[in-house]
Amino acid sequence: MTDTTISARGGVPERPSLDGLEETWARRWESDRTYAFDRTKERSDVYAIDTPPPTVSGELHMGHVFSYTHTDTVARFQRMRGRTVFYPMGWDDNGLPTERRVQNVYGVRPDPALPYDNNWRPPAAPVDDAARKNPTAISRRNFIELCELLTVEDEKAFEALWRRLGLSVDWSLTYTTIGSAARAASQRAFLRNLARGEAYQAEAPTLWDVGYGTAVAQAELEDRERPGAYHRLRFAGPDGREVLIDTTRPELLPACVALVCHPDDERYAGLVGASVRTPVFGVEVPVRAHPLADPAKGTGIAMVCTFGDLTDVTWWRELRLDTRVVIGRDGRLLPEPPAGVPAEPYAALAGQTVNGARRTLVELLADAGDLVGEPRPITHPVKFYERGDRPLEIVSTRQWYLRNGGRDAGLREELLARGRELRWVPEHMRHRYEHWVGGLIGDWLVSRQRFFGVPVPVWYRLDDTGEPDWSHPLTPDEATLPIDPSSESPPDYEESQRGRPGGFAGDPDVLDTWATSSLTPQIVGGWETDPDLFARVFPMDLRPQGHDIIRTWLFATVARSHLEHGALPWHTAVLSGWILDPDRKKMSKSKGNVVTPMALLERNGSDAVRYWAANGKPGMDLAFDPAQVKVGRRLATKLLNASRFALGLGAADALRAAATRPLDTAMLAELSGVVATATTAFDGYDHTAALMATEAFFWRFCDDYIELVKERAYGTGPAADSARAALATALSVQLRLFAPVLPFVTEEVWSWWRYGSVHRAPWPTTYEVGRAMEAPGDPDLLRLAADALGQVRRAKSERKLSMKADVPLAEALGPAAVLDQLGTVADDLRAAGRIAKLDMLPDRTTELVVACAF
């Protein structure tokens with residue numbers, strides 16, 4: 001590789017500073033296309049990264065800075081290793097987070113029944129709480145336009161922060177998950193899934209978020225501890241026997257379809273196959289046995305309702321029970337009772353919220369004498385949508401699903417095998433993937449009852465009564481994608497036939513945002529639209545992401561690629577941990593402990609913040625530590641000043657000369673080991689180990705080597721030439737070793753004395769360092785000289801003398817072999833320590849001792 005782009009050397013400034021480097025070099029990199037992807041290269045010369053598109057629904061936080069810095073170190077390293085790096089940036093701007101942000105900012109809500117208003121304009125400024133509580137209804141199309149307007153502004157702010165951070169992205173490759181290319185790819189993949197039988201529609205129990213008004217998938221669930229209470233209900237069994245049931249959801253009593261006990265529970269063996277009657281309603285329900293019933297929980301026999309939780313769904317399906325749905329999509333009890341439930345007692349519950357119905361039914365149970373004792377308070381886990389604020393309900397709805405192995409043992413094994421084929425960094429993260437895949441209980445629900453998303457690309461014929469034919473959806477030609485069935489007609493139909501008997505209806509739903517994000521390699525790689533590019537980048541080399549979305553983004557992407565291409569979407573997955581606050585608690589907006597990055601970047605400099613981020617290993621959580629950021633700034637400042645000093649000695653003109661003196665070759669020999677360590681670490685995606693090795697050497701280089709050699713370097717002749725040659729090689733190599741982590745300061749220093757960009761310069765090699773030495777060096781010699789100089793410095797410090805104080809006499813004691821070795825650098829030691837006379841006294845001590853006389 002040769003230096004490219006930046007063509008002129010700038011010279012060493014009188015007063016180098018870190019201030020302003022970000023703006024200067026961000027503009028220069030953009031104008032010179034320093035990070036542009038070269039699509040003429042063969043696949044073997046390409047390193048492709050499937051960049052996580054951050055959700056554009058608020059501010060970026062330190063967790064983003066943390067993980068994206070890690071990815072950027074990989075991109076920069078691979079680029080310096082001679083690969084052309086395919087490093088796009090995407091914005092995940094469709095879905096519920098964007099909708100909620102628009103609703104909060106502008107105080108609006110979408111109403112599909114309203115017509116589009118071409119004259120409607122959003123508020124000029126964010127609205128107050130009163131407007132949010134009483135939102136203005138606008139048409140779906142007006143709402144989508146508002147979503148698009150806000151995301152564009154958010155994306156500008158995000159890009160500005162990424163540029164400030166120094167991400168080496170090729171910004172010409174930017175994409176959005178709601179853009180035309182993403183919509184087309186998402187719809188194309190869905191239609192192919194449908195054609196192969198991997199996508200299907202079903203009327204089934206569905207996890208439902210009442211607040212958002214949409215179905216959610218298993219991967220989007222989280223348990224939250226919530227207060228509740230056990231209520232003991234008395235059911236009437238045969239021959240006057242009473243059967244007691246403990247439940248936290250008595251409001252679901254009218255939805256009860258059975259009682260279930262464990263097959264081995266002798267207490268209820270005589271009841272299995274018989275029937276009991278529900279309290280209040282008097283509905284006859286069967287008693288069945290199932291191994292999921294827990295004899296130790298409550299009374300050991302459970303009420304099965306349609307539907308209280310996922311276990312109810314399992315029992316309902318496997319025991320082939322009746323269906324009595326009582327909760328609607330709005331989270332209220334339906335106005336009419338289910339079949340077989342008396343209308344009179346149900347009337348008191350109709351239309352109530354879940355909590356209201358619970359209070360009413362408890363009163364009815366108490367009045368009937370069927371509430372045994374008082375409710376017993378408990379705290380228990382309750383299912384929530386990960387972005388929601390109300391407990392999930394389970395309602396029966398018609399939804400689209402994608403097969404993911406949840407109900408297909410063969411596909412499950414294939415996806416587990418893909419997980420074993422993938423390289424995981426760190427390796428133990430693979431177990432989370434396997435645990436998730438092994439625990440799937442159903443296929444992936446991919447339809448959502450929302451607005452700002454990729455439309456499900458199908459229509460339905462309407463029969464003579466206006467009912468849709470769900471089993472034979474109408475599909476578009478791939479060449480017409482993307483399409484919106486709510487505003488476009490299917491082939492061979494006219495818009496006038498929409499919604500009429502004998503005509504058609506468009507599917508009103510959109511696809512889950514993960515159904516599009518799971519195709520990021522295909523979207524940005526030009527799948528089916530740019531075959532040449534796709535062949536050069538797919539399968540990609542790297543998927544970097546958080547460990548908390550293995551079950552969603554990583555698994556979904558593996559599943560989609562397996563179904564469409566029969567291959568993994570990338571070779572390696574690198575997982576990042578969480579950012580913790582100084583008390584080692586996870587940062588979150590709800591806890592109020594989030595640190596926003598822009599002010600931190602402006603105050604300390606981007607290199608300092610990147611240094612902090614790079615101290616976190618893949619897969620490991622890292623506490624935010626302002627002190628560590630300050631260490632990073634100190635390192636960057638020292639790099640400026642040490643480089644200025646070395647170049648001031650004339651190192652730039654000695655770059656290709658060979659080091660000949662023992663101390664110089666000793667330093668280079670140690671540096672060669674650092675190059676090997678850092679290279680191995682970066683190859684293993686361990687940027688932290690690479691940084692630690694480089695930083696440790698740099699401080700020894702500054703504190704020991706430069707101090708030992710500077711007097712000689714000021715002089716003339718072969719000895720001075722050797723020092724300057726060693727300084728030049730060491731500076732060149734260290735700048736490149738630091739470049740992936742500290743891109744701004746290394747580029748600045750590089751521009752003083754080298755042509756091109758340090759980020760396009762070749763990664764240093766042990767061969768390169770070895771070539772700079774006339775003869776092999778001994779790293780131990782530098783450490784020995786540093787030890788001797790350190791003892792001289794301590795002697796001065798103990799006497800409260802300046803480091804520039806003269807030492808009339810110093811005596812070096814130690815084994816003869818050690819003193820012989822020290823003798824090879826005696827001139828440098830005397831000069832650095834300002835020692836007038838240095839006597840060597842062999843075999844007086846077992847270790848080196850330097851005694852100073854003043």
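This is a predicted model: local features need pLDDT of at least 70, side-chain atom pairs count only at pLDDT 80 or more; totals for chains, interfaces and linings use all residues.
Which helix gives the largest share of the lining of the second largest cavity? Residues are numbered from 1 along each chain as its sequence is written, and side-chain values use heavy atoms, with hydrogens and water left out.

I looked for cavities, meaning sets of points on a 1 Å grid over the protein atoms alone where a 1.4 Å probe fits but cannot get out, and I found three of 30 Å³ or more in the whole structure. A volume here is the space filled by probe spheres set on the points, which are joined across faces, edges and corners.

I turned to the second largest cavity, with a volume of about 60 Å³, and listed its lining residues (those with an atom within 4 Å of a point), among them Leu18, Glu22, Asn604, Arg633 and Phe744. The elements that give two or more residues to this lining are helix H1 (21-32), helix H17 (606-614) and helix H18 (626-648); helices are DSSP runs (H or I, at least four residues), numbered from the N terminus. The answer to my question is H17, from which three lining residues come.

I then noted that the largest cavity holds about 150 Å³ of space and is lined by 16 residues, with Ala217, Ala219, Trp436, Trp444 and Arg551 nearest its centre. Its largest lining share, four residues, comes from helix H15 (residues 550-565).

Definitions and conventions: On a 1 Å grid over the protein atoms alone, a cavity is a set of points where a 1.4 Å probe fits but cannot get out, and a pocket is an open set with protein on both sides within 12 Å along at least five of seven lines; lining residues have an atom within 4 Å of a point.
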